Amino acid sequence: MPLLVNLRHLEAHNIHVKGELPVKELDLDSRDEIMRTGEPLRYDFEVQTLEHSLLAQGRLLLTLDCQCVRCLKPFKYTIKLDNWTAHLPLQGEESVPVVNDCVDLTPYVREDILLEFPQHPLCDAECRGLPDPSSGKATKPQAAGQAENGSTAWSELNKLKL
Ligand SMILES: [Zn+2]
């Protein structure tokens, strides 16, 4: 179900729309591996007519399944637009398409949500990522331990020989 608003209804009174938009309506699946959308977009806003235009004001919420670009940990990223506003002209060159007295708000919701997608999703702003094997910090103690064990084993062998 697209997000349709009937202009005839709007002539009488403002319309409050609240619901969920399935992810497939948002057509976001061209996104890469680091971000997935599983949950529907939730919307809750009011639409009113101004002179020759529509004004939508309210909230949009979408939770993404992201993968941290530094540590590869999966995490949830929530896009929350508490003061979402869309001003849609009904006349002139920029006017929005009207079909059977209805305007589909889906493309405008989608556009604004896409702008909020993180470019480089991080599980935490302070994420230090995966331990860097080249730094040797994480591996040294273990290597040293193995070396010690090795030398102990050898010295045990030497004892046996004697
Ligand atoms: Zn991370």
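Which geometry does the site of the zinc ion have, given its 4 donor atoms? In this predicted model, the site is tetrahedral, with angles of 106 to 112° among the donor atoms.

Select the zinc ion together with C68, C71, C123 and C127. Each of these residues coordinates the ion through its SG atom, at 2.3 Å. Along the sequence, the donor residues follow the spacing C-x2-C-x51-C-x3-C.

Next, colour by accessibility. C71 and C127 are both buried. For C127 the relative accessibility is 11%, and it counts as buried because the cut-off is under 20%. Select C102 as well: its relative accessibility is 16%, so C102 also counts as buried. A search for disulfides across the whole structure returns 0.

Now move to the largest nonpolar core, which has 36 residues. Select L41, F45, V47, L60 and L105, the residues with the most contacts inside this core. At least two core residues come from each of α1 (7-12), β2 (15-21), β4 (41-50), β5, β6 and α3.

Finally, centre the view on L60. Setting aside neighbours within four places in sequence, L60 is in contact with L41, R42, Y43, F45, I79, K80, L81, W84, V109 and I113.

Technical notes
Residues are numbered from 1 along each chain as its sequence is written. This is a predicted model: local features need pLDDT of at least 70, side-chain atom pairs count only at pLDDT 80 or more; totals for chains, interfaces and linings use all residues. Side-chain values use heavy atoms; hydrogens and water are left out. Donors are N, O and S atoms within 2.8 Å of the metal (3.2 Å for Na, K and Ca); water is not among the atoms, so sites may look incomplete. Four donors count as tetrahedral if all angles lie between 85 and 135 degrees; four count as square planar and six as octahedral if opposite donors are over 155 degrees apart and all others between 65 and 115; anything else is irregular. Buried means under 20% relative accessible area, exposed over 50%, partly exposed in between (1.4 Å probe, protein chains only). A disulfide is a pair of cysteine sulfur atoms within 2.5 Å. A nonpolar core is a set of buried Ala, Val, Leu, Ile, Met, Phe, Trp, Tyr and Cys residues joined through side-chain atoms within 4.5 Å. Helices (H or I, at least four residues) and strands (E, at least two) are DSSP runs, numbered from the N terminus. Contact means heavy atoms within 4.5 Å.
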